[in-house]
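Reader: Please walk me through how to read this model, one feature at a time.

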Amino acid sequence: MRAVRIVAYGGPDALVVEDVETPRPGPGEVLVEVRAAAVNPVDVANLAGRVQSAVKQPAVAPPRTAGRDYAGVVVDGPDHLRGLEVWGTSGGLGVTRDGTQAEYLVVPEHTVRPKPANLFFEQAAAVGVSHSVAYLALAERANLQAGETVLVTGASGTVGRAATDIAHWRGATVIGADRRLADDLLADLTVDTTSSDLVEAVREATGGVGVDAALDTVGGDLLDSVSSALRHGGRATVIASLGTLLAPINILDFYRNERALFGVNTLDLSLTKAADVLDVLRRGFEAGVLHAPRTVVFPFDEASSAYKAVAAGTDGAKVVLVP
């Protein structure tokens, strides 16, 4: 089978697309014919050697197949699963075991879930990491409730767009902030952080109170403003820190206002937990309350170009590889 392989750490040109042996499922496993596999920013970091572990296990040394997200069809396994159109993400794929950017993939049978019937394979493959982290951040960490207001930074990106949909699904109002606001955002209010002070804009929009919750997809120097935009007792989730690993924060303001800060790391998300999250998201897509990501599709043989596109930025679209 053809597979996108990490044979040595480096940039996109270090990727190799080559023929490898098709895996065979063992007891309790299924063989999935991959119809589409996403390329995420974490895949670019993985290729560069900056992902050292997943699911609390060390990364397997190259060579290994890349990729964390997939959509495809079960072609070998229990009779009741054969022919099922499925999707999946995380669980160490591409890091502690061969990943999804190949023509075939073996996964435990209890971790495959039906993809949304109304999504094409390319759209379903694009959901995984970005929607899972948004769901975990808002639904499980921040416990976002109907009637609340949430601030989403990086609102024009793939995670920001997913978070906006999920927040609306949960009955919340969304304030979307970004340095480059896209024209098609669905946030209820947007803030251009290049021309407006984020904290002042949020306070004005909330009658001086602040937001109930926040999802910060940017981190770094912005995190202090995100924290300051929270109401008393508000809670924030952060999933990145672009440009720097350190994020200064006014800790006095933080603890005197009894705020909370959470992190989400999908690299430690098991295949089983990821499958449960995707099951929830499937219902949202099939009900029409979640919107399919915009996709930019590359064939496997152009994997290096696909990785370069992700590294350069995709303006809210997901890059997807197809065999």
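Reader: Does R161 count as buried or exposed?

Author: R161 counts as buried, at 19% relative accessibility. Buried means under 20% relative accessible area, exposed over 50%, and partly exposed in between (1.4 Å probe, protein chains only). This is a predicted model: local features need pLDDT of at least 70, side-chain atom pairs count only at pLDDT 80 or more, and totals for chains, interfaces and linings use all residues. Residues are numbered from 1 along each chain as its sequence is written, and side-chain values use heavy atoms, with hydrogens and water left out.

Reader: Which side chain meets R161 in a salt bridge?

Author: Start with the idea. Side chains of opposite charge can pair when their charged atoms come close. The cut-off: a side-chain nitrogen of Lys or Arg within 4 Å of a carboxyl oxygen of Asp or Glu. Here D184 meets R161, at 3.0 Å from N to O. The pair links distant parts of the chain, 23 residues apart. R161 sits in helix 4 (residues 158-169), and D184 in the loop between strand 12 (173-178) and strand 13 (189-192). Helices (H or I, at least four residues) and strands (E, at least two) are DSSP runs, numbered from the N terminus. D184 has a relative accessible area of 38%, so D184 is partly exposed.

Reader: How many salt bridges does a search of the whole structure find?

Author: The search finds 20 salt bridges. One of them joins R82 and D79. Their closest N and O atoms are 3.8 Å apart. R82 is partly exposed, with a relative accessible area of 42%. D79 reaches 68% relative accessibility, so D79 counts as exposed.

Reader: Which residues are linked in a network of salt bridges?

Author: The network links R113, D276, D279, R282 and E286. Take D279 and R282: their side chains meet at 3.5 Å, N to O. These two are 3 residues apart in helix 8, so about one helical turn separates them. D279 is buried, and R282 is buried as well.

Reader: Now helix packing. At what angle do helix 3 and helix 8 pack?

Author: Read the angle and the axis distance together. Axes are lines fitted to C-alpha atoms, for helices over the stretch in contact, and angles run from 0 to 180 degrees between N-to-C directions. Helix 3 (residues 128-141) and helix 8 (residues 271-287) pack at about 90°, with axes 10 Å apart. The two helices are therefore roughly perpendicular to each other. The classes: under 35 degrees is roughly parallel, over 145 roughly antiparallel, 65 to 115 roughly perpendicular, and the rest oblique.

Reader: Which residues of helix 3 meet helix 8?

Author: Contact means heavy atoms within 4.5 Å. Helix 3 brings G128, H131, S132, Y135, L136 and E140. Helix 8 brings K273, V277, L278, V280, L281 and F285. By class, the residues of this contact are 7 nonpolar, 3 polar and 2 charged. Ala, Val, Leu, Ile, Met, Phe, Trp, Tyr, Cys and Pro count as nonpolar, Asp, Glu, Lys and Arg as charged, and the others, Gly among them, as polar.

Reader: And how far apart are the axes of helix 3 and helix 4?

Author: Those axes are 8 Å apart, at an angle of about 50°. Helix 3 and helix 4 are therefore oblique to each other. From helix 3, S130, H131, V133, A134, Y135 and L138 take part. From helix 4, T158, V159, A162, A163, I166 and A167 meet them. This contact has 9 nonpolar, 3 polar and no charged residues.

Reader: Next, the backbone. Which residues does a cis peptide bond join?

Author: For a cis bond, read omega. P62 and P63 are joined this way, with omega about 5°. P63 lies in the loop between strand 5 (57-58) and strand 6 (64-65).

Reader: What is the phi of S90?

Author: Phi of S90 is near 65°, a positive value in a residue other than glycine. S90 is in the loop between strand 8 (85-89) and strand 9 (104-108). S90 is buried, with a relative accessible area of 1%. D315 also has a positive phi, near 55°. D315 is in the loop between helix 9 (303-312) and strand 18 (318-322). D315 is exposed, at 62% relative accessible area.
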